[in-house]
Amino acid sequence: MQTPVNYLARKHWKQTGIIALIGGIYLLSSYVLKFDGLGGVIAIPKAFAWLGINFRPTANSTQYLPSIWQKLLGTVMLAIASTVVASIIAIFVAILGSKVTGGNSIIQTIVRGIASFFRNIPLVAWAMILLFSFKQSDFTGFLALLLMSVGYLIRAFMEIIEDEASETMLALKATGASYFQVIFQAVIPQIMPSLISWILYMIENNVRDATLVGILTGTGIGFVFDIYYKSFRFDAAGMTVLSIIIVVIVLELLSNQIRKVIL
Amino acid sequence: MLEVKHLEKSYQKDKPALTDINFSVEPGTFVAIIGPSGAGKTTILRSLNQLIKDDGGQILLDGGDIRTANKTQLRHYRRQIGMVFQNYNLVERLTVIENVLHGRLGYKSTLAGVFGRYTEEEKQEALTLLKKVGLEEFALQRCSDLSGGQKQRVGIARSLIQHPKIILCDEPIASLDPASSQTVMQLLKDLTTEFNIICIANLHQIGLAKDYADRIIGIRHGKMVFDEDADTLSEEILETLYDQNATEELG
Ligand SMILES: Nc1ncnc2c1ncn2[C@@H]1O[C@H](COP(=O)(O)OP(=O)(O)OP(=O)(O)O)[C@@H](O)[C@H]1O
Ligand SMILES: [Mg+2]
């Protein structure tokens, strides 16, 4: 018979065990990888110093700005487009799959499976796979971002529906409203703020990721960075990075502002 | 008239949540259901509009059995049964009047409902009902900006616009302060008489139940312990409802 006292005692031991296990895994893996934790930490300032010297944009590097900003704008648009399309797909799939609005448990399991499949394949892998079919083009990047975003958003939207919409849903169901009336009159308006908040977050994220994908697909700002880097024009590469940072920060500020208004 | 006969429900095998519930209510009656936590009050209420599928018995509304209704029939029964919730269950982002109009969805075609297209009469009626619950100036406010008592009155207006024969209230005042509680109880009592409807409310406050309800049903461990006029209900009967429970739970 499990008493509360020995339940708590066992829980305590479990926690200790888990912490020990994590510590053990760290030690084992640094041994296997010949990774020197302390040396790594000491090297960090040096790495930054190197970055600061070599990547510092000079007055000369402003000549690259027009082409950088043109590509950057394209990349931001790509990120926004893929996120918006992903959101529209994800909301309908999430409604199908959530515990409160969804179909039977088979459909729910399938939706969960699909979402975790798209989410758990790394973005880089998606881009590589899609390169075979769509070659180096903006569309490849768009599709890679879309697929991964769909995976994340389905999962997030399902949780939002389950947390925020179940009570109002019940109320409208009790009035005799039909399924679609409940979805459009209760569920969607109720979850809209959280939905938008997630979409904004995903856009910020995808701008960063689009850069990475661009290196692989040979498009956008990632491509520009890659060229400058490989041709040793480090100051121009630095300028590119700086531009990306500015855009990401501006986007973040902007979306925080939007969140404040809608929440 | 509402007749409940031999209603049964268990969530898990051999652990009945309701056993043999029998009562009938005439229009114009305000019934309070009281009983300790976990007694089965919510289960009864949600069986009445089949938000919970019960296991056996009959629930007759003017002679027709809600339990055996098909999907369309169930929608038609549900639109005659309003429901008021402890947490109001409004769409907080929408305006007061939009929430009231939600009570008409059961009467609309799917498409009109999906796009929220309401007739002029429905809008006028929503305003009239808001006036009745004392919220006419709030029609265009967002529900999230209202106090708890105000939200609950929106919930009541939403159920009234259904033209209900029954209003079910699951602890309608459990989240309200004493003054708002009085307002809401008085409102429910007045509406019951004015519209000649059946109002069934789960309550934890015995005092309010005696003050406002016509009839009180006591539930314990899923069984009906008493079903009495609110005026004649004696202290001893009331005490047995809670006392025995306490001793049983300790044992
Ligand atoms: N979804 C469920 N699954 C399993 N058991 C449940 C479920 N809902 C209720 N029960 C059980 O059924 C019994 C009656 O619950 P019910 O919610 O009807 O009680 P209540 O009288 O409304 O209590 P309270 O005053 O706390 O709201 C309780 O023992 C409860 O644990
Ligand atoms: Mg309850």
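**Aromatic rings in a predicted model**

Colleague: Does Phe118(A) count as buried or exposed?

Modeller: This is a predicted model in which local features need pLDDT of at least 70 and side-chain atom pairs pLDDT 80 or more, while totals for chains, interfaces and linings use all residues. Residues are numbered from 1 along each chain as written, chains are lettered from A and ligands numbered from 1 in written order, and side-chain values use heavy atoms, without hydrogens and water. Buried means under 20% relative accessible area, exposed over 50% and partly exposed in between (1.4 Å probe, protein chains only). Phe118(A) has 18% relative accessibility, so the residue counts as buried.

Colleague: How many aromatic pairs does a search of the whole structure find?

Modeller: Rings of Phe, Tyr and Trp (its six-membered ring) pair if their centres lie within 6.5 Å; planes under 30 degrees apart are stacked, over 60 edge-to-face, and the rest tilted. Over all chains, the search gives a total of 15.

Colleague: What kind of pair do Trp50(A) and Phe55(A) form?

Modeller: Their centres are 6.2 Å apart. The planes make an angle of 50°, and the pair is tilted.

Colleague: What kind of pair do Phe117(A) and Phe118(A) form?

Modeller: The centres lie 5.5 Å apart. With 65° between the planes, the pair is edge-to-face.
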